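Good morning, and thank you for coming. Please look at the structure on the screen while I go through some of its side-chain contacts.

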Amino acid sequence: MTVERGDCAAPAGRARHGNADWLTGARITAVLGVYYRPEGRAGEPEAVEFVLSADQSVLLTCASDRTLHVTPGSWPRLPDWCVPASQWQHAPPALLPPVPYGGAWTVVGTQELRDADGEVLRAVIRCEEGDFVVVAGDTMAIRFEPRP
């Protein structure tokens, strides 16, 4: 699967339209937070990067208006806005499960909750084992909800 810039986001300042299933079929090999190191890893990440098996990644960031932006990631490099880079790090967010047997989560669908202006407030990445829920706010919040 190839994640193109057009698949993840519209031009700056414009909402991505259409259904959110562009990630279906991808294999997620890691979920990493992007943390500002002087603050430590105790808090929430500034962004969440889903690393895909095809040497690509998807970056979810929180904008100042508390909306969620979905763009191609730059794994293994940090995002360009991590300046100076020596003050930032990728690290697994707390309370997420380890990668399942087989080395990856397979995405079976996605869902986005949007506001009245069409901006994404929450993204759910559905996998065979459960759902990753990413919520925009003052910072990012991510949790995993296992399937019963």
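A search of the whole structure finds 5 salt bridges, where a salt bridge is a side-chain nitrogen of Lys or Arg within 4 Å of a carboxyl oxygen of Asp or Glu. Please note that this is a predicted model, in which local features need pLDDT of at least 70 and side-chain atom pairs count only at pLDDT 80 or more, while totals for chains, interfaces and linings use all residues. Residues are numbered from 1 along each chain as its sequence is written, and side-chain values use heavy atoms, with hydrogens and water left out.

Let us take R66 and D138, whose side chains meet in a salt bridge at 3.8 Å, N to O. R66 lies in the loop between β3 and β4 and D138 in the loop between β8 and β9, so this pair ties together parts that are 72 residues apart in sequence. Strands here are DSSP runs of E with at least two residues, numbered from the N terminus. R66 counts as partly exposed, at 44% relative accessibility, whereas D138, at 67%, counts as exposed. By these terms, buried means under 20% relative accessible area, exposed means over 50%, and partly exposed is in between, with a 1.4 Å probe and protein chains only.

A further salt bridge joins the side chains of R147 and D131 (3.0 Å, N to O). R147 is in the segment after β9 and D131 in strand β8, 16 residues apart. Which of these two is buried? D131 is buried, with a relative accessible area of 7%, and R147 is partly exposed, at 38%. Together with R126, these two residues are linked in a network of salt bridges.

I return to the loop between β3 and β4, where T67 is also found. T67 is buried, with a relative accessible area of 2%. Its side chain makes a polar contact with the side chain of D65 at 2.5 Å. A polar contact is a pair of N or O atoms within 3.5 Å; within protein, one must be able to donate a hydrogen and the other to accept it, and residues adjacent in sequence count only if both atoms are side-chain atoms.

The strands on either side, β3 and β4, run antiparallel and are joined by 5 bridges; two strands pair if DSSP finds at least two bridges between them. V58 stands opposite P72 in β4. In this hairpin, which has 5 residues between the strands, R66 takes a positive phi near 70 degrees.

Finally, the search of the whole structure finds 6 aromatic pairs. Rings of Phe, Tyr and Trp (its six-membered ring) pair if their centres lie within 6.5 Å; planes under 30 degrees apart count as stacked, over 60 as edge-to-face and the rest as tilted. The rings of W105 and F144 have centres 6.4 Å apart and planes at 45 degrees, so this pair is tilted. Both residues are buried, and F50, W105, F132 and F144 form one aromatic cluster.

Definitions and conventions:
Helix = DSSP H or I, 4+ residues; strand = E, 2+ residues; numbered from the N terminus.
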